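Dear colleague,

Please find below the structure that I am handing over to you. I would be grateful if you could read my notes alongside it.

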Amino acid sequence: MPTVVSKFAKRSFDKLEELGYSKELVSRGLIGTALLAYGLKLSYPYIKQHLERSQSTTNENKCDSGLSRNENNNLTKAIIEDPEEKIEKIIIEKKRRRKKLPGLNLEFILQLKKLIQIMVPRILCEETALLAVHTTCLISRTFLSIYVAAMEGAIVKYIVRKDVKNFVLMLLKWFGIAIPATFINSMIRYLENKLALAFRTRLVNHAYDMYFKNQTYYKVSNLDGRIENADHRLTDDISTFSSSVAHLYSHLTKPCFDLMLIGIAMARSSRKMKANIVMGPALATIVIGTTAHILRIVSPKFGQLVSEEANRNGYLRHVHSKIITNAEEIAFYGGHKVEHAQLQDAYSRLVNQMNNIFTQKLWFIMLEQFFMKYVWSGTGMVMVSLPILTVNSLPGGKTRKNKGDPEFGVSERTQYFTTARNLLLSGADAVERLMSSYKEIVALAGYTSRVAGMFEVFDEVSQGIYQKTVVSAERNDGGILEFKNGQPVAKGTIVCSDNENDMSISLENVPVVTPNCDIVVSSLTLTIAPGMHLLITGPNGCGKSSLFRILSGLWPIYGGTLRIPKRSQGKPCMFYIPQRPYMSCGSLRDQIIYPDTRKEMLSKNITECQLREIMKLVALEHIIDRDSFDEIRDWKDTLSGGEKQRMAMARLFYHKPHYALLDECTSAVSIDVESSIYETAISMGITLLTITHRPTLWKFHTHILEFDGQGGWVFEALAKDAQQKVPISKQSLFHNHKPFTDAPEMTPSAVSA
Ligand SMILES: Nc1ncnc2c1ncn2[C@@H]1O[C@H](COP(=O)(O)OP(=O)(O)OP(=O)(O)O)[C@@H](O)[C@H]1O
């Protein structure tokens, strides 16, 4: 094959020579074309980006008030529909989107300042001590570099002079300096890592405090739409941000010290040569300044690029953890194809973004290297040679002698050149690091925006300020919801009463509204007093669990008043038990007492004998016999569905709350055990609020709240013999929305919507 190609090339060259084109000319043409094509390929992304940018600027210029064409269309529509409110909405959205693009701007500086205040909270703290030691090491390293450069110059001088004694002495000194130099190098890396870890710890502690304040961990994913993968931000993003800040600190400060001290050292050595000390630095400043400016202009937006990469990484991780969490269900369904496709899709989205970054880096690094390696080296050579070339020569080719130095000549010039060259190399390295730090700073802007954005969202969410794309915001909701800046206003009132004589829960005209602003029930009014065991029924999706979310304070209330008692007599007011109970990490004891810790259990004077009694009540004594209280296992997979539900009921008996919110929590428990659990709960004085579809549970309740799935509801006392009557009255209720007609001696406090 190579022979065929070479034969073909030879023949082609001969043919072209016959036509009057020399081989040299043709080769040059080919190389030139190849280089041009390569250059075009490398610059294509930039040209494309530039064209897109100028296109969008033109579009924006064409539109009024700085809005794009699309937004302008929206604006025109908005003016027709509802002038002020909608214009405001669009402008806010526009500002929000603009705010989201991370880069080197004022917002980045403000966000970084806030994060630095978290990472270094006081002047006297561990971080400042680390920073001080780190800075000392960085300065020492610079002095050592200058000293080593001077030593190398002296070594070369003694070689040129053939001065063996001094040469050996200098060499020994040189080896001697290597020990502290290498120690300081290693120390710099150690301190950088320690600093990154210290910063990370501060940020993580701050983030965890915010994440667990006011149930933010729930609200941020259910009620707010700004953060998709909080786990990724809390782990990877914080870690990358902290490492990046610590790395940048040494990458920015050391080159600055280097440049300052090397500049002084070079000026001193030039002055020793009696040369002009302004020309060289002036030339270097002009060249470096110009090239840096060019690089800054053509630099891709690495901040946005890495931010998007982190986003896609987070999504990939989310898909992975979803598969791990639901592995059994997926395996039963045989859903591996769908999951595989989703994973593949998430991965290819990440790969596309990474490829995009690599491509943009390719041509940028090429340009950067061209300037830094070649343009700057050339300038450096000019700088170093200037003192030698511009120093006055004596007649006969001899250089003018220095005062008090009769040996001034070739060896001195060699020493000067070697020292200056070494200093210059260190200086060039410092400038190169400063320049490449620009890329890192832009990337840091991306991480800063993600971490600072997360804190901002956590803070707002914990204060009840949410932002979510609300699909139903535009539709007519009968005036139940009030919107401000496109978001519903939670104008309901929650009153936490601390009156121990009145432990009742009451809702007064409270609407049940989902986070998507779907109104499930327009207004709900009822009072539940202790001992009023309430049965909550209705079709799927009618708002039963949503009522529990409102009572537990997870969902905001958009109207009316909710009164709930505070914790009293050492008992929690409410305790919620879901259909799929949560098993925490830890021992068997931890499962029973969750969310208490062992320390809290001991402070309540609860013994293991009492825990055994509780386990007996839910027919789980055999688990203690099988595994001890201290046994640590993955309880989610170890216990069966029914056992997990019974464990959750054990928690209820441990905490003995005033009210139990039971959300189909015994659906997998056998009917006999279920009945005994309900009887025990009532005998303990726990008021039950039960969501169930099982008629066998009706007999344990005194009242019923029935939703019809259309926004209607009925709240009334339940007949004592309700269990037999349920199926009939239930049927009639679903069809005509009427309350039970055979309500017993209790006065129905029913209010119908
Ligand atoms: N986090 C959420 N975000 C948006 N909508 C939600 C959310 N949770 C529930 N909903 C919606 O609220 C409505 C009521 O849901 P809810 O869970 O209260 O139903 P339910 O009566 O308990 O149903 P089921 O008997 O099936 O458990 C449903 O239409 C549901 O889709």
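Predicted model: local features only at pLDDT ≥ 70, side-chain atom pairs only at ≥ 80, totals over all residues.

The protein has 753 residues, of which 28% are buried. Its secondary structure consists of 23 helices and 14 strands. Of the contacts between residues at least 6 apart in sequence, 77% link residues that are at least 24 apart.

I would draw your attention to an open sheet of four strands, ordered β3-β7-β4-β5, with mixed pairing. Its edges are β3 (493-497) and β5 (519-528), each of which pairs on one side only. Ignoring direction, neighbouring strands in this sheet are turned by 25° against each other on average. Strands β3 and β7 (residues 561-565) run parallel and are joined by five bridges. Within this pair, Ser497 stands opposite Pro565 of β7.

Helix α15 packs on the sheet, where it touches β4 (505-513), β5 and β7. The direction of α15 makes about 120° with that of β4. The helix spans residues 544-551, and seven of its eight residues are buried, so α15 is largely enclosed by the rest of the structure. Just after α15, Gly553 adopts a positive phi of about 80°.

Two residues other than glycine also have a positive phi. Asn214 has a value of about 50° and is placed in the loop between α7 (164-211) and α8 (216-222). Because 14 other C-beta atoms lie within 10 Å, Asn214 is partly exposed. Lys656 has a phi near 45° and lies in the loop between α21 (641-655) and β11 (659-663). Lys656 has 16 C-beta neighbours inside 10 Å and therefore also counts as partly exposed.

Finally, the peptide bond between Tyr594 and Pro595 is cis, with omega at about 5°. Pro595 is found in the loop that lies between α16 (588-593) and α17 (598-603).

With kind regards

Technical notes:
Residues numbered from 1 in each chain as written. Buried ≥ 20, exposed ≤ 12 C-beta atoms within 10 Å, placed from the backbone. Contact = placed C-beta atoms within 7 Å. Pairing = 2+ DSSP bridges. Axes fitted to C-alpha atoms, helices over the stretch in contact; angles between N-to-C directions.
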